Amino acid sequence: MPPGRLPGGGVSGMSVWEEAMGKTQDTLERLDLSAVIHCVCVRLCFRVQQWASVMSVQLREISTKYSGSLLLQKKLKDVEPIVKIVELNGDDLVKDYSDEIERMLGSKMKSVKRLAESAEDADLYHDYNASLEFDYYNAMLINTADDDGNTVELGGDFPLEENEHFNNLLVNTQQSNIQVPTNVYNKDPNILNAIYNSEALNDVFIGNFQKDPTLTWQFFGSSTGFFRIYPGIKWTPDANGVAAFDCRNRNWYIQAATSPKDIIIMVDISGSMKGLKMTIAKHTINTILDTLGENDFVNVIAYTDYVRYVEPCFRGTLVQADLDNREHFKLLVEELHVKGEAKIKNAMKESFKILNEARANGQGSMCNQAIMLITDGAMEDFETVFQEFNWPERRVRVFTYLIGREMTFAQNTKWIACNNKGYYTHISTLADVQENVMEYLHVLSRPMVINHDHDIIWTEAYMDTVLPNTKELFTTKAQSLLLMTSVAMPVFSKKKETLSHGILLGVVGSDIPLMEVMKLAPRYMLGAHGYAFLITNNGYILAHPDLRPLYKDGKKLKPKPNYNSVDLSEVEWEDTEEMLRTAMVKGETGKSSLSVRASVDKGKRPLYLINDYFYTNIDETPFSFGMVLTKGHGRLMFMGNVSVEEGLHDLTSPDLSIASEWTYCETDIDPAHRKYSQLQAAIRYLLGKEPDLECDEVLLQQTLFDAVVTAPLEAYWNALMLSDTVEPGIETAFLGTRAGMMRIMRYAGVEKRVAKRFLTPSDKDNLFTIDHFPLWYRLAVENTPGSFFYYPVNDKGVQYVIATTAVTVSSEGRTAMAGAIGLQLSLDWMEKRFWDITKQPADTDCSNIEGVCPLNCESFDLNCYVVDNNGFILLSKERSEVGQFFGEVDGSVMASLIKMGMYKKVSLFDYQAMCKNSHHHASSARRLLSPFYGIAAILRWIFSNALMFLLDFNFCGLWHSDYFVDAKAGYHTSHKQKKVEALQPCDTTYPGFMYDYSVREANSLIKCGRCQKMFVVQQIPNSNLVLVVTQADCDCSRQYGPILLNAKEIKYNATVKCNRMKSQKVRRRPESCHAYHPKENAKECGGAAAIFLSLSLFSSSLLFSSLLPCWT
């Protein structure tokens, strides 16, 4: 500790600040505050002002010299007579882009229709053969040999080649193959006949791909359980060697197979349902919930001798079955406990009332309605209930699930289903659940099948986690564009003899990566802060640059639990009245304007923008397309014109690149073009070597013009390099234009460069991507052109500084942004300059000066900082403080600057946040009550796992199976104790700060207990920076805590939370509904399961289950 200084900001004797004023502490406290400030500032304020002025001159001199900004601005001035500045017409653009999207999605629909027709024709002319023997390519077994080196059955040699169009996966574009879930016997006669039929799809898959080379995965999901995929791939099982993927669980299958539905799940929680029965019942509920989507509505009722809503907030209503609500129900179902006697009649009445009221009030899906009864027995007489609420129309179907081995009440339970156009199933093991639950989908599909209504459906956004390289894509692609949608269509049996049965053969479909869709709205037309987005009929986002579907769990990136049910109002949160959302959900065409608080640099830097929104619907889809142009420079674009010959010369410069993710030329249509980068394709097209390439003529012409105008920079930068005057630490010069063209000059070699990753392909934040313009570009265009914007970067511990400025072009009274140009500097260089500037020479005449002389920012008495316009530290004595928010380092001074108005707080919101959740779904108190609980729990675990193995073992499957499968893979993990993730979706608010440039200087004293802290703040002219000098020996941390930028969770009270969960925003219902057909054969209403366990084993399980509660 330096002499004369005490811990906690106290002083021993006289501090240097007191000496500077020639006053003791007592005298200082008696002085008028304004007089003290004036006295102290006489010398220090003047000196800080000088430092700031010199800093401004040197920064500007270096920045302009080594970036070449003045030369570029001059060249743009020279071409002003030959450029044209146009104001973009948002109405025309949104129509053009939506038409392009319609054409693209329309071609996918045509491909799917061809698949459906082929599949139905193949079935029509096929006679079922129970003894059919047929070998096919099983995706799990292809290219696999046994221990003797022989090809395994259903394997065979299946050529695979890496294909860039399919994310560089190994695929076979000449053949599809078959994936069969582990719990489905791969040689079952029904499976073999259906696979044999679907062989006809191979030629259609290949033909579709030839007609539309932009197609990705095409597939057929069979109602028997197998999945045919094109191109063929090697299917990778999970860590246990299990193929858990079942196409019938996928949203595209379920939505295509049924119309929207309202579902009430009724579960018996009486005492007789204890033990394994309750476990099976919970799993059945979860499986039903998994078959619902955002166009469906649901509620869950548990009953004994009274009716209990598992979520009391949802009493008497239906809620949308989106991902949030489904997961919420699952957590609540896990907490259900058995007790009492089952009285089903009141629960049944309650369920009918909810459904009838929803239909009468125009709520819910306004289509199919069903009650799912889950019980181990129905003893009451229900006829009066059905007569009162459901007969004779039978608008509400009733599906019954008899749980457990006991068959005493089977007839009653089946009677309920058969007399209400439903289906009865008997579920005796966890392994039975999946197949039995799926039966209700086939029943609901009957009217549609009989009518032969081939409704095309589009799914909400989803992330394909099945394909092997998805995790790699997480780190290489824009988060918001990792998602895809699927288009699907049901496939029916057209055989006359089975018409009334309404047999669903399966669903055909194709995946469409949303990145490919959004490429049809070119980034260069939208500008630095403009963007395009897509939403569904429910208001959920398909694609939006601010959608963040992933979160970081430790070192891993994972999909958020609610990533595909993020509402437009949660991203465009300034739309408080939801006028934009409502208009788009209704499929309207129009425009609106909003003043918004945007943010860049991972949300740290707020911006005030005025956004113009343009929107329209996408015909024959449930989607709406929106587009944003920022008022001001975002609406203006300049057009230049040069000859191809002149432009090509400069386009081939080694320092030049173009945006690799943008589409200058469409290289994905012709497979021969896929080997070209965008720059290579553009050059070959312009040279006439590839005339068949489809290229964006406007973008190419602008790129050529930019290449010519910026060409002198290459010579200028090289001349600087050859002059050997480049100071160490000046590392990279760069520029970028609206056309996505960049030029880069590396002044320092890679071995000497600090910022080795800057502007490399992995540095997505600083490149033109499909998702955004570079960060330095976006910051520059919001700053005064010609004035440099400086900001610190901390890239995984590597610290450096960026200086960037905008360049403009003017014509006919209009000024448009032409691009941005800048410099990347090492922190060492900045520090050296700063410390040299902020000290008086050692030979300064101090004879007539009291106190500290000469002044020096490196001394112990002063803390000096350079802080940017958002409050982030650019320079400090402590390297660890660089990049931090100044308020975290010195809360007292930052609080004073906010109070003075030098920095203004901006409240920002994040409705896609993830927060730590301390809620536990199981009581931890019980284990403290008894020392025997641990022993009992261990015994129960051992016994229950052994029992589960026996109960779930599919003996019929074993009889025919080629290999054994771990029994635990056969059932859903939700029957176990729910593992609570450390992070859960939440809403947060957090502050940002913006400097008021009209306040050029500030100084004051802060009283902090035994000392008073002096500070002086001075704007550094022609920059976004301020110089802050504070007294170092007065610690105010006890009186003023740090000002943090940490997000705070928005806590909602129970009432608000309830209203938010059950509130139904404006949505557009799907156009088609198939709930009834007079020819439907409702007599096919189910039967009993065929798997039985021994009475002794079942009795012992009941005995053990009854004894364990006594121990615990």
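Let's start at helix α25 (residues 827-837), which lies across β29 (730-737), β32 and β33 and runs at about 90° to β33. Everything described here comes from a predicted model, so please read each value as computed from that model.

The strands under discussion belong to a sheet. Six strands form this open sheet, in the order β26-β30-β29-β33-β32-β31, and the pairing is antiparallel. At its edges are β26 (656-658) and β31 (789-795), each of which pairs on one side only. If you look from strand to strand, neighbours in this sheet are turned by 25° against each other on average, direction ignored. Two of the strands that α25 lies across, β32 and β33, are also paired with one another: 12 bridges join β32 (residues 798-811) to β33 (residues 814-826), and the two run antiparallel. To find one of these contacts on screen, pick V809, whose bridge partner in β33 is A816.

Now to the aromatic side chains. A pair of aromatic rings is described by the distance of the centres and the angle of the planes. The structure holds 46 aromatic pairs. One of them is formed by W573 and F909, an edge-to-face pair with 5.3 Å from centre to centre and 75° between the planes. This pair links distant parts of the chain: W573 sits in the loop between α19 (568-571) and α20 (579-585), while F909 belongs to strand β36 (residues 903-916), 336 residues apart. F909 also pairs with Y911; their ring centres are 6.2 Å apart and their planes are at 10°, so this pair is stacked.

Elsewhere, ring pairs link a whole set of residues into a cluster: W662, Y664, F734, F758, F768, F773, W776, Y777 and Y800. Some of these residues fall within the sheet we began with. F734 lies within the range of β29 (730-737), and Y800 lies within that of β32 (residues 798-811).

K604 lies over the face of F872, at 5.0 Å from the ring centre. R1060 lies over the face of Y1052, at 4.2 Å from the ring centre.

Nine of its 12 residues are buried, so α14 is largely enclosed by the rest of the structure. The buried residues are V433, Q434, N436, V437, M438, Y440, L441, V443 and L444. An α-helix has 3.6 residues a turn, so residues three or four places apart point the same way.

Finally, the cysteines. A disulfide is a covalent bond between the sulfur atoms of two cysteines. A search of the whole structure finds eight disulfides. One of them joins C367 to C1073, with an S to S distance of 2.0 Å. The torsion about its S-S bond is about 100°, so the disulfide of C367 and C1073 is right-handed. Which parts of the chain does this pair tie together? C367 lies in the loop between α11 (344-360) and β12 (368-375), and C1073 in the loop between α30 (1054-1062) and β42 (1086-1087), so the connected parts are 706 residues apart in sequence. C367 is buried, with a relative accessible area of 12%, whereas C1073, at 37%, counts as partly exposed.

Another disulfide joins C1008 to C1036, with 1.8 Å from S to S. Its torsion is about 90°, so the disulfide of C1008 and C1036 is right-handed. C1008 is in strand β38 (residues 1001-1008) and C1036 in the loop between β40 (1025-1031) and β41 (1048-1049), so this pair ties together parts that are 28 residues apart in sequence. Both C1008 and C1036 are buried.

The loop between β40 and β41 also holds C1034, which is tied to C1011 in strand β39 (residues 1011-1019), 23 residues apart in sequence. The sulfur atoms of C1011 and C1034 are 1.9 Å apart, and the torsion is about 80°, so this disulfide is right-handed. C1011 counts as buried at 5% relative accessibility, and C1034 is buried with a relative accessible area of 2%.

Key
Residues are numbered from 1 along each chain as its sequence is written. This is a predicted model: local features need pLDDT of at least 70, side-chain atom pairs count only at pLDDT 80 or more; totals for chains, interfaces and linings use all residues. Side-chain values use heavy atoms; hydrogens and water are left out. Rings of Phe, Tyr and Trp (its six-membered ring) pair if their centres lie within 6.5 Å; planes under 30 degrees apart count as stacked, over 60 as edge-to-face and the rest as tilted. Helices (H or I, at least four residues) and strands (E, at least two) are DSSP runs, numbered from the N terminus. A charge sits over a ring if NZ of Lys or CZ of Arg is within 6 Å of the ring centre and within 35 degrees of the ring normal. Two strands pair if DSSP finds at least two bridges between them. Axes are lines fitted to C-alpha atoms, for helices over the stretch in contact, and angles run from 0 to 180 degrees between N-to-C directions. Contact means heavy atoms within 4.5 Å. Buried means under 20% relative accessible area, exposed over 50%, partly exposed in between (1.4 Å probe, protein chains only). A disulfide is a pair of cysteine sulfur atoms within 2.5 Å.
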